[in-house]
Structure formats: structure tokens, C-alpha cells
Amino acid sequence: MEKLEARIRNHDREIEKMCNFHYQGFVDSITELLKVRGEAQKLKNQVTDTNRKLQNEGKELIIAMEELKQCRLQQRNISATVDKLTLCLPVLEMYSKLREQMKSKRHYPALKTLEHLEHTYLPRVSHYRFCKVMLDNIPKLREEIKEVSMSDLKDFLESIRKHSDKIGETAMKQDCRYNQWKIIAKIVFSLLLSPNEKAQQQRNLDNIVSQHPRISSGKKSKKEACASSDLEVKNTSPMSEQDSGILDVEDEDEDEEVPGAQDLVDFSPVYRCLHIYSVLGARETFENYYRKQRRKQARLVLQPPSNMHETLDGYRKYFNQIVGFFVVEDHILHTTQGLVNRAYIDELWEMALSKTIAALRTHSSYCSDPSLVLDLKNLIVLFADTLQGYGFPVNQLFDMLLEIRDQYSETLLKKWSGVFRNILDLDNYSPIPVTNEEIYKKIVGQFPFQDAELEKQPFPKKFPFSEFVPKVYNQIKEFIYACLKFSEDLHLSSTEVDDMIRKSTNLLLTRTLSNSLQNVIKRKNVGLTELVQIIINTTHLEKSCKFLEEFITNITNVLPETVHTTKLYGTTTFKDARHAAEEEIYTNLNQKIDQFVQLADYDWMAMEAGSKASDYLVDLIGFLRSTFAVFTHLPGKVAQTACMSACKHLSTSLMQLLLEAEVRQLSLGALQQFNLDVEECEQFARSGPVPGFQGDTLQLAFIDLRQLLDLFIQWDWSTYLADYGQPTCKYLRVNPTTALVLLEKISRVMRDTSRKNNVFAQFRKNERDKQKLIDTVAKQLRGLINSHHS
């Protein structure tokens, strides 16, 4: 407390010092303030007087200022009203424009106007009541635009469904023009190039032609490049009633340019509807609806009519509809962003490809006309090439064409079976006569035949073969051409084409032609002359096989030395036919011989022989001579074989006649007559009816009969029995069983004769001695037979 008191006293002293320091200034300030108060009073009086004067003088000014204030307020109100009207008038104008666009069915511009109205103009004047009415109407207007645009889209979808075939026809016509250019190019190349260069240039030509731009491709790219600008132009014009469908296009002449497939279709309804739904935020709904409807239409398009296989027009309309469908989808893919995508297109194409191939397999199997099958193949190739030009994979279609190729080959074989049958049925089986050089050259031009001796002969002269030889040869070439036609445009290599043609030709030769020849050969009414001519004809056809090989090589440019090249089996076919004809000749000859032998009327009990051979045998020999005279033109040893076969069969038939069980008795006189007939046969064999036999070869056919008859006529049993079994035996060909049968027949005759002549004892004694000898010989023959079997 003492310290505090001390501190207070210190501060008080400091305050007192400060007050003392400033006191004089304070006094001076008070003195000045007193002076100022006097002056201020004077000034107050002056201000009061001045204010009174101003108040009096400013009353008029105040009145004028009030009037000015009122004018300024009115001006400000007018300006505000003008500003508000300036904001409202564009809204009203836009709304009026919107109604006008809706009325004229310009829905996409109307939607754009609606967007501007809602987002740009109405927010500026949103507090007005009429604006609220407009805002309430905007959803209704949007829904109305959606419904109308969807209706246009439905009309468009219905229209392109009805006109898909027209669109596809136009697209395929463009591709057909392209293929025609390709064919012309191939022809020009084939004319300009040497044979050695053709094969190489043929392989390169496809690559050259593939680089040539297609008409459709150029139009397509142009269409795509201008799609957006075209869309803008279309969107600014009113939509007419034809906007949702196919534009009218008159049929152009062939000389005029074919319109592009997209030129036939107005796609503006799709574009408008797509943009409308995109703006409205319902693009996904639109895409789903469009794809769903197009899938339904695809299923309808891919459903073939039940009678499609009856005519080519049925297939053409079916293909046109499919092509038209995918041309539209391809155009939509390239001119819209995301309405359809590649995955969706590929999915549709996979479905279309499977259904199309199944339908073609089913309907083509009903087709039996090769011309229709060939036209169908060309149509399928055009169909595949057209779609391939739009980027669709078509390998499965070409694989299916290889299946149809087998069916085409079968239909060709059936057709050519009838052709060969007609040729063989109408042939006269006589050598072709020629009376002048023109006819001779014509036939030589049809069939590769060269004969220097025949060329030297004067007219008239004859070809060795009949008319069916050049006809069959040319028909084989026509068949090869028909096979080649089918292989065109299948994207096959020359080797594959060559292999296909050769295999089909082999089927034609080994199955069709072979069966036709076999049927002719096996006919009941076929004569020996016809069979001989068939052998000659098949010989010449066999020689022509090498020319058929060359013909195929020339049209396919595949050398026969190429690895895996199939060889023609024509040589085998004609050899088999010739062998069958030869066998038929042998059979017919034997049948004729049997017919003559059936006319034999021997008196087996005759006591004496006649003076000449039997009439039936003389006739038979005459028939054989005339027949073998025709055989001189037969190739190889056919004539010798036929003659030997006939003589052997005649010998066998005579032996069977002699040993027939029904002939119980046989007199020596009848045996002598039979010997005369055999001698006639031997004389025929010695006369050489067919050249080429050496020595007595042909007579050996009758050796069994000759030794048997000599044994009985000469009654040389001692020699036979003594030498039996030795290689040098005189009667080596006489079988003991045959000799015993014949001996028993003679024995029965002698017994009957002995009973009838029992009056003459001496005669009876000779007969008994002979009968005893016969019994002894018979016993020894039985012994030989038993020893042989044991």
C-alpha cells in the first residue's frame, strides 16, 4: 500500500507538470473560440437571409422538377414494356412457327424449334401465364411428333418390304453388268494371247478384273459422302406422301446406266425418325423397334414359296427379295451412326445364309432339268457376287454350289442317257455312205478319223462306222461343255475344273453310255449284223478317247502330265461294250445253230445212208458262210473266235443229238448219214470261212465226232481198246462212256433185226457173232469206265 501510494503521488506530479506545460495553449484556444462565436452568429444571420431568398425564388423550379419526374417515370415504364414485349414476341413467333411446321408435317424442324423454344426463349419469360400454358403443351407436342414420325417409319418399312424384290433386282442387275465386263475381258485376253500364255493369264485375269471398280461401289461411296448434306436438305423441305416409300423409277433400256439400288429408296423417314428419337432421348427404343421389325421382315423374306422350284422366276424373286433386304440394311449401316451395327448385320446374314442354303438344298433337289439347274447356278453366283460386293461373306454359298454340281451331273447323266438311247435306237447300224467331198469333210470334222486308203478311194465310198459314232462323240463333247458351263464363276482353280469335268465324263462313259450300249447289245431283236457294227463302232470310239483327253486339256489349260490328273476311262468302257457284243455274237450264233439243229429229222432206224448231207445242215452251213463273210471287218481275232465258237457249239450239238436219251436205237445206216453231215461240217471248216486259222485248227472243233464216227464205222474196237490211255492213241478223244451209250443203241437195233430174220440160220449165226462181239466190247468198256472212276 505504501508503494501504491508512492506511485500515485508520482503520477499526480507528472500530471501536474503536463498541465502546467499546456495551460497557456488552453487559454489561447478559449480566447479564439470566443471570437469565432461572434463571427458565426453573423454568418448565421446571412445564411438565413439567403435561404429565405432561395426558397422564394425556387418554388417555380420545384414545380417544374415534379413535372420532369413524372415524365421520366412514364418514359421508364414505356421502355420496360418495350423490353418485355421484345422478349415475348420471339417466343410467340417461335410458337407460331412450331404450329406451322407441325401443320406442314415438317416434324424434325418442328422438334428443333420446340427445343429452341423450351430451352432458349421460354426461360426468359417464364413468369408469364401464357408461357406456362406453352410449357404444359410441349410434352404433348413431343409425343405427337414421335407418333407421326413412327407412323412414317412404319409406312417406310412396309413399303421396302413390298419393294425388296425391285431393289434386289436393281442391285443384281448392276452386278450382272460387272460380270459381263469380266466375261468380255476374258474373251479379249483369250483372243490376244498365244496358247502358251493363256494358262498364266487366265490365273491373273481374276485379280485384274477384281481391281475394276463396281458401278454400285462408286454410287455407294458417293451416297455415303453426301448422306449428311442430303439429310439436311431433306429435313428443310416438307415431307410428301411419297417420302416413306420407293421412288418411282422408269425401266431403263439396256444401253442406259442402271440406277443404283439406293437411288430407288428415299431413306429420309428413317433418318428423320432416328434424329427425332435421338433428340427426344429415346434412341435406344427406336433402335430396338427398328431391329425387331426388320428381323420379322427378314424371316418373311427368307420363307421361300412352296412352288419356287418349278420355274427360274421363283428363285429369282426369292433372291431379289433377300438382296433388296440386305442392300437396305447395308445402306442404313453406312449412313447412320449406330442404328444398326456390324454385329447385328452379321447375325441377320448368318440366319439368312443358313435358311437360304437349306431352302436351296430342298427345292433344287426337285429339279430334274439340267438347263434349269445351270440357270439356277448362274443365279446363285450372281446372288453371291452381288452380296459379296456389299461385304457379306458368301463362301458357304459356293460350297453349296459344289453340292448342286453333283446334282447337276446326275441330271446331265439322265438327260444324256435319253440322248444316247435315241441315237442308238435311230441308228441303222450300217457304214456311213459318202457321195462327195463335202459330206466326207463334214463327217471327218465331226469325228477324228484318218484313213489314207479310204481317202484315196473314189466316191461313192463308205466309212467303216455307222452314224452313231460321230453323234456319240459330239454328244460327249457337248456333255463336257455342259460340265464346263457349271464350273464357270465358281472361283475354282483350273485343276479343280479339269478334275470335275473328267470325273463327270468318266461317269458318262462308264455308267450312262456303257448302260446304253449294253441295253442295245442285250436287246432280243438285235441281229448279228448290228452286233458286228457295234464292235466296229466301239473300236473307233475307243481310238477317239485320246482326242477327248486333248479336248478337255485345251478347254481347261491343265496338262495331262499334271499330278493327280484323272484319266478318262473311255477305253475300258468301249472295250467292255465290245466284249459284250462279242459275247452276244457268240450267243446269237449258238442260238441260230440250235434253231437249225432243232430242224434235224433223222431216221435213226434207216438201213442205208442218203447220197448227200441233210438239208438242215446244208442250210446251216450256208447261213454260217454268209454270216462269217460279214465278219471280215471285225477287229482283232473276233471273227476267228466267233467261227471257232460256232464250230465247237455245232459239234457239241451234233454230239448231244447223237447221244440223246430219247433215241433208244441207232442203225448203222443212220450213223452213215450222220457221218455225211459231219463230213459236210469238216468240209466247211477246211474251206476257211474266216481267214487267219493255221492248218486244220478249225477242223479240230469236230475231232471228237470224227474219232467217234470212225471208231464205229470202221469197227476198230481192237485198236481202241489196245491203245486206250496212251498219248498216241488213234481214238484219244473218244470217251468210253460215250462209246458205250452209242454201242448200246446199235446193239438194240441188231437184237430187233435178229428176231425179225430168224428164218435164215446162216444170217442168224452172223448176227449172233456180231452181237457177241458187241457184248464183249461193252463189257470191256464198262471195265474201262469203272477203272477210270476208281
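This is a predicted model: local features need pLDDT of at least 70, side-chain atom pairs count only at pLDDT 80 or more; totals for chains, interfaces and linings use all residues.

**Overall picture**

I started with the secondary structure: the protein has 27 helices and 2 strands. The protein has 790 residues, and 42% of them are buried. For the accessible surface I got about 44500 Å², with 52% of that belonging to carbon and sulfur atoms.

**The nonpolar core**

Which residues have the most contacts inside the largest nonpolar core? I found Phe319, Ile585, Leu589, Phe628 and Phe674, in a core of 206 residues. As a reminder to myself, nonpolar side chains tend to be buried together in soluble globular proteins.

I picked leucine 589 from that list and looked up what it touches. Leaving out neighbours within four places in sequence, leucine 589 contacts Leu528, Phe623, Leu624, Thr627, Phe628, Phe631, Ala642 and Ala646. Phe628, one of these partners, is also on the list of residues with the most contacts inside the core.

**Leucine 658**

Then I went to leucine 658, which is in helix 22, residues 638-658. Is leucine 658 buried or exposed? Its relative accessible area is 1%, so it counts as buried, the cut-off being under 20%.

With neighbours within four places set aside, I listed its contacts as Trp604, Leu666, Leu671, Phe674, Leu708, Leu709, Leu742 and Lys745. I checked the spacing to tryptophan 604: 54 residues in sequence, but 9.4 Å in space from C-alpha to C-alpha.

**Threonine 512**

Threonine 512 has 6% relative accessibility, so I wrote it down as buried. Beyond residues up to four places away, threonine 512 touches Leu413, Trp416, Ser417, Phe420 and Leu507.

**Salt bridges**

How many salt bridges are there? The count comes to 23. Opposite charges on side chains can pair when the charged atoms come close.

I took lysine 162 and glutamate 158 to begin with, where the N to O distance is 3.9 Å. That figure makes the list because the cut-off is 4 Å. Both residues sit in helix 3 (residues 129-162), 4 residues apart, about one turn of the helix. Lysine 162 is exposed at 53% relative accessible area, while glutamate 158 is partly exposed at 33%.

My last pair was arginine 706 and glutamate 682, which meet at 2.9 Å, N to O. This pair links distant parts of the chain, with arginine 706 in helix 24 and glutamate 682 in helix 23 (residues 668-686), 24 residues apart. Arginine 706 is buried at 13% relative accessible area, and glutamate 682 is buried at 9%. I also noted a network: Glu158, Arg161 and Lys162 are joined by salt bridges that share partners.

**Glutamine 707**

I moved on to glutamine 707, which has its place in helix 24, residues 703-714. At 12% relative accessible area, glutamine 707 is buried. What does glutamine 707 contact, leaving aside neighbours within four places in sequence? I found Lys730, Tyr731, Leu732, Arg733 and Val734. For glutamine 707 and lysine 730 I noted 23 residues apart in sequence and 7.8 Å in space, C-alpha to C-alpha.

**A nonpolar patch outside**

I finished on the surface. Tyr23, Phe26, Val27, Ile30, Leu33 and Leu34 form a nonpolar patch there, with about 610 Å² of accessible area together. I looked up one of them, tyrosine 23, and found it in helix 1, residues 2-103. Why does tyrosine 23 count as exposed? Its relative accessible area is 54%, and exposed means over 50%.

Technical notes:
Residues are numbered from 1 along each chain as its sequence is written. Side-chain values use heavy atoms; hydrogens and water are left out. Patches are made of residues with over 30% relative accessible area and no salt bridge: like charges are joined within 9 Å, nonpolar side chains (Val, Leu, Ile, Met, Phe, Trp, Tyr) within 5 Å. Accessible areas come from the Shrake-Rupley method with a 1.4 Å probe; for residues, only the protein chains shown count as cover. A salt bridge is a side-chain nitrogen of Lys or Arg within 4 Å of a carboxyl oxygen of Asp or Glu. Buried means under 20% relative accessible area, exposed over 50%, partly exposed in between (1.4 Å probe, protein chains only). Contact means heavy atoms within 4.5 Å. A nonpolar core is a set of buried Ala, Val, Leu, Ile, Met, Phe, Trp, Tyr and Cys residues joined through side-chain atoms within 4.5 Å.
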